[in-house]
Amino acid sequence: MPPILAGDEQWRRLDPRMLLVHPIQEAVRFLPALLVVFFSGRNSDRSGWWDWAILGMIVAFGMSRWFTTRYRIWGGQIELRRGLLNRRLLTTPADRVRTVDVTAPVWHRLLGLAKVEIGTAGGGVLAERIVLDALAAPVAARLRGELLHRVASHPERDVELGSVGGPVSESWTESVGESTPEQLLVQLDPSWVRYAPLTTSGLVSAAAIWGFGAQYLNEFGDLQDRVEGAVDRVAALGLGVAVVVGLLAALALVSLLAVSGYLLSYWGFRLTRHSGGTLHTRRGLLTTRATSLEEKRIRGVEIGQPLGLRLAAAGRLSAVTTGLGVEGSQKGSAWLTPPAPADVVNRTAMAVVYDPDAVSGPLVAHGPAARRRRYTRALLPTAVLCAATVWLSRVVDLPPVLVIVGCVPVLLAPFLAADRYAALGHTLTARHLVVQAGSLSRRRDLLARDGVIGVTIRESFFQRRAGVVTLTATTAAGRQRYAVIDLPVERGNAVATVVLGDIVGQFADSPGWADPSADRASR
Amino acid sequence: MIEPGPTTDTPPVRLREPTNLVCPRARWMWLLEGIIQALLLGGVQVGWWLLDRHGPRDPHVVVAVVTGIVMLAYIVGMPLWRFRVHRWEVTPTAVYTQTGWVSQERRIAPLSRVQTVDLTRGPVAQLLRLATVRVTTASAAGHLVVHGLDRDVATALVERLTVAAAAERGDAT
């Protein structure tokens, strides 16, 4: 088979099977509006033709996407042209491709299609990704293989310390889709689903369903009555029982949502390393998603340990990579493990960054000023809240429950502060800047030192009085900034100097500064 | 957790300030901007006075006095304080800026990572022949800004940085 990337001058349309998918997707998107139209139509004497006309418009609109989108892969460029009124042309050189996502939502899977999303370098997170929606699944897989392999076989000038890509053995004309030798790093163990209720994902989806459902509950008054009936029956048993039953029901619902969410997104999760120097993840129950990350572009990892997972000795891992943000829709692409046992997370982090000290080594604490600031920052607002509720209860008639609710935070604040200080730390290894912070959402960030492209040393008024600074390492990958908070001033400067070498060292006051990594200055 | 001190490997470092002050006219720019902000707040106050015709006048007086004092201190203090803080320096390998007043910030970026260099002039800055230079890197969080440069100094700086950025190959990530 000729490689797709060789391509030709011809502009091509996407897979014609999308003519079926687009109208369905549009219909789903306009579902609330459609329902309103149909139900209101039943009660009026309007002709049924209207309903069909609107449906037809939606179908035509969906199909028009296929007719107005063309792509071509030619001369080392990937070009995408789309839009009817608002036309746009997206272009990217194939050797700037950094990440390739292949996603197959349910409809796509039924028809054997897959969506290809291409992330490029240089544009940062703001750049629009090229999305080919959709190609035949085998074509998509081959295109992904070729794109990443082409990148791997054209090593760039800036050879980095963090690069772990092995030598490239095949030429890029070979098919590399599924046949490349691969090393399995992580495979989902179904028992890990026990961690799902410990994350906040269940709460988030419950809130989303609540918000969405509340609108429909209003329209279906019958159901609402029934729910209210149930609530009344429980309430008749007494307030205490009602609260307990309510909490248990909510807990069960949230856990159920979290578990199903976990299964939907992580089912069959696999992380593999391919010889071309790429990491591949594959996951999903209904919507499958395959992501390829070029290892040369990985600038580190984030080990997430939110409180719930931490108590269960679990965590999750995501990659810090250029061409891919860690927020919003791109967040999922960077995951290297699902919520999983801590040793799996650490082992995987090790496999990706090869730096044991960075993954689990001890950290340098930030000192008494940082500890004091954790306490003031936790105690001050909660104390104000408590005082305000107490004062309010004197002035107006406030139920005593509210006063208790208002004052519980101030009692918890010392524990939060202590835990936040216990988490706070940083260290420098030979290749990484390691930053750890947070209590409820604790994170240990490992950022490759050569991925740091600038430093910011910031001091607020109160920080200046306490003699501490926040050192932010800026990078083109992941969150774009990784902050080390409340470092003693001179330690902050020292860390900056070690990370950026003479770039910072030349501004040092002490003339005796010896640059330990003088080779960086020449880069 | 290791306590900071002799166990940590690197000696403490003190950074000196960047060498160059911004143009002295920048004080006038900040002063004018401060006055404009104060006038806007005053406008809001007048609007409130006119709309609230029948209410008591005491809250108006209290708010006006408080904002008046705060804004006066701001207009007088902020430009001088800012002028003392704002500094910049460009070496053959790096750009170094210091900005802020209440909160202060030092930014250092290797010249080799510079991606774009912008020169902007707001209406007040144009009046005073001043300009702002903004340097971006491949990180969305990594830009450096020098406010209140003399227009000619700024133009020369932009030229110098642009040449340096163009000399660098690769995508600077």
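**Ground rules**

I am looking at a predicted model, where local features need pLDDT of at least 70 and side-chain atom pairs count only at pLDDT 80 or more, while totals for chains, interfaces and linings use all residues. Residues are numbered from 1 along each chain as its sequence is written, chains are lettered from A and ligands numbered from 1 in the order in which they are written, and side-chain values use heavy atoms, with hydrogens and water left out.

**Entry 1: where the chains touch**

I started with the contact (heavy atoms within 4.5 Å). Chain A puts 51 residues into it and chain B puts in 43.

Next I looked up the area. The size of an interface is often given as the accessible area lost when the parts come together. Here buried area is the accessible area (1.4 Å probe) that two parts lose on being put together, summed over both. For chain B and chain A I noted about 4100 Å², with 55% of it on carbon and sulfur atoms.

**Entry 2: charges and polar pairs**

How many salt bridges are there between chain B and chain A? I found two, counting a side-chain nitrogen of Lys or Arg within 4 Å of a carboxyl oxygen of Asp or Glu. A:Arg458 and B:Glu105 form a salt bridge through their side chains, at 2.7 Å from N to O.

I also looked up polar contacts, meaning a pair of N or O atoms within 3.5 Å; within protein, one must be able to donate a hydrogen and the other to accept it, and residues adjacent in sequence count only if both atoms are side-chain atoms. Across this interface 15 residue pairs qualify, both residues at pLDDT 80 or more.

Which strand of chain B gives the most to the side that touches chain A? That is strand 4, with seven residues. Strand 3 (94-100) and strand 4 (104-110) of chain B each supply at least two residues to that side. Strands here are DSSP runs (E, at least two residues), numbered from the N terminus.

**Entry 3: a pairing across the chains**

I count two strands as paired if DSSP finds at least two bridges between them. Strand 18 of chain A (residues 452-459) runs antiparallel to strand 4 of chain B, with five bridges. I spotted A:Thr456 opposite B:Arg107.

**Entry 4: an open sheet in chain A**

Then I followed four strands of chain A that form an open, antiparallel sheet in the order 1-2-3-4. Its edges are strand 1 (12-13) and strand 4 (88-93), each pairing on one side only.

- Strand 1 joins strand 2 (residues 70-74) by two bridges, and A:Arg12 faces A:Tyr71.
- Strand 2 joins strand 3 (residues 77-82) by five bridges, with A:Ile73 and A:Ile78 as bridge partners.
- Strand 3 joins strand 4 by six bridges, and A:Ile78 sits opposite A:Thr92.

The hairpin of strands 2 and 3 has two residues between the strands, and A:Gly75 takes a positive phi near 60 degrees. Between strands 3 and 4 there are five residues, and A:Gly83 in that turn has a positive phi of about 100 degrees.

**Entry 5: strand 12 of chain A**

Is strand 12 (residues 298-306) of chain A mostly covered or mostly open? I found eight of its nine residues buried, where buried means under 20% relative accessible area (1.4 Å probe, protein chains only).

A:Ile303 turns up in both pairings: A:Leu317 stands opposite it in strand 13, and A:Arg444 is its bridge partner in strand 17.

Definitions and conventions
Buried means under 20% relative accessible area, exposed over 50%, partly exposed in between (1.4 Å probe, protein chains only).
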